[in-house]
Amino acid sequence: MAPIDIASNGEFDLLLERLAKDVVDLEIFRRLRADLDAARAEFSTEFAQSRAFWSLTFQALIEAVFFRLSRIYDGHDQSLSLLRWLETIQHNLELIQTGEMDEVPFDLQQLSIDIESVSDSDPVVKKLIQLRGNCIAHVNAEAIAKGKGLEKRFGLSPDEVNLLVERAATLLNRYGAILRRTVWSTQIVGHDDFRTVLIAMRSYCKKYETEIEEEFSRLTQAT
């Protein structure tokens, strides 16, 4: 795949900023989905009060994760993907490195390993690309017509999703730190705000139960 054509440090910085947004958002959505799933046992009653809403929320979050994963590991020759971004570094190192980098030798061997890890020669990345082409960006019409389960055939396990998410964040911060002395946090303020909603629902449910019990007690006394 061809690297991205850039003419200045400024152009590289714009690419870095845009790629970083996708990688950070990816981990935010993945963690929120995981945290909500982990809260099911503690808040089973509260989740049950709005089953349709939570079902759609879970679905939207997992789709947001796969949408960004597909874009970050995109194999298209005009995409802003991890693969093209790393190849751009490889082919434009003298242009994009700053004076501070001259003090530390750049590890070209590690860069080659990292490029390989985000290409379709990696089995998990290849599975993601197949998933994107058959279920996300496009739906494989022939497979649907023949009754073949697309998600079962092309799906990724939770461990594979986590692997790709963590790899993307690691590579972004590795080269962000080397090239721009910058790293990105994937933890946002308010990441557990959903607990406030569930706790409020718990309070509402208890109040409603109390009102029902009081009403039942009054009816019992009246009879």
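Biologist: Let's start with Ala-20: what makes it count as buried or exposed?

Modeller: Before that, a word on the source: this is a predicted model, where local features need pLDDT of at least 70, side-chain atom pairs count only at pLDDT 80 or more, and totals for chains, interfaces and linings use all residues. Residues are numbered from 1 along each chain as its sequence is written, and side-chain values use heavy atoms, with hydrogens and water left out. Now the label: buried means under 20% relative accessible area, exposed means over 50%, and partly exposed is in between (1.4 Å probe, protein chains only). Ala-20 has 2% relative accessibility, so it counts as buried.

Biologist: And where does Ala-20 sit?

Modeller: In helix H1, residues 9-38. Helices here are DSSP runs (H or I, at least four residues), numbered from the N terminus. Ala-20 and Arg-167 are 147 residues apart in sequence, and their C-alpha atoms are 13 Å apart in space.

Biologist: Glu-17 is in helix H1 too. What is Glu-17 called, buried or exposed?

Modeller: Glu-17 comes out at 54% relative accessibility, so it counts as exposed. From Glu-17 to Gly-176 you go 159 residues in sequence but 9.8 Å in space, C-alpha to C-alpha.

Biologist: What about Leu-69, buried or exposed?

Modeller: Leu-69 is at 0% relative accessibility, so buried is the label. Leu-69 belongs to helix H3, and its C-alpha atom is 7.7 Å from that of Leu-164, a residue 95 places away along the chain.

Biologist: Why is the contact between Arg-33 and Asp-37 called a salt bridge?

Modeller: The term asks for a side-chain nitrogen of Lys or Arg within 4 Å of a carboxyl oxygen of Asp or Glu. For Arg-33 and Asp-37 the closest N and O atoms are 4.0 Å apart, so the pair gets the name under that cut-off. The two are 4 residues apart in helix H1, which means about one helical turn separates them. In general, an α-helix has 3.6 residues a turn, so residues three or four places apart point the same way. Arg-33 is partly exposed at 23%, and Asp-37 is partly exposed at 37%.

Biologist: How many salt bridges turn up in the whole structure?

Modeller: The search finds 14. One of them joins the side chains of Glu-42 and Arg-195, at 3.0 Å from N to O. Glu-42 is in the loop between H1 and helix H2 (44-48) and Arg-195 is in helix H11, so this pair ties together parts 153 residues apart in sequence. There is also a network of salt bridges that links Arg-18, Asp-22 and Arg-71.

Biologist: What makes Arg-132 and Asp-74 a pair that links distant parts of the chain?

Modeller: Arg-132 and Asp-74 form a salt bridge, with the closest N and O atoms 3.9 Å apart. Arg-132 is in helix H7 (residues 123-136) while Asp-74 is in the loop between helix H3 (51-72) and helix H4 (82-91), and 58 residues separate them. The labels: Arg-132 has 26% relative accessibility, so it is partly exposed, and Asp-74 has 11%, so it is buried.

Biologist: How do you know that the span of helix H10 agrees with its number of residues?

Modeller: The expected span is 1.5 Å times one less than the number of residues. Helix H10 (residues 158-180) has 23 residues and should therefore span 33 Å; its end C-alpha atoms are 32 Å apart, which agrees.

Biologist: What happens just after H10?

Modeller: Arg-181 takes a positive phi of about 50 degrees there, although it is not a glycine. Most residues other than glycine have a negative phi. Arg-181 lies in the loop between H10 and H11, and 46% relative accessible area makes it partly exposed.

Biologist: Last one: which residues gather in the patch of negative charge on the surface?

Modeller: Glu-209, Glu-211, Glu-213 and Glu-214. Patch residues have over 30% relative accessible area and no salt bridge; like charges are joined within 9 Å, and nonpolar side chains (Val, Leu, Ile, Met, Phe, Trp, Tyr) within 5 Å. Glu-213, in helix H11 (residues 193-222), is exposed at 54%. A nonpolar surface patch of about 340 Å² is made by Tyr-204, Tyr-208 and Ile-212. Tyr-208 also lies in helix H11 and is partly exposed at 45%.

Note on methods
Areas by Shrake-Rupley, 256 points an atom, 1.4 Å probe, with all protein chains shown as cover. Lys, Arg positive; Asp, Glu negative; His and termini not counted. Charge placed at Lys NZ, Arg CZ, Asp CG, Glu CD.
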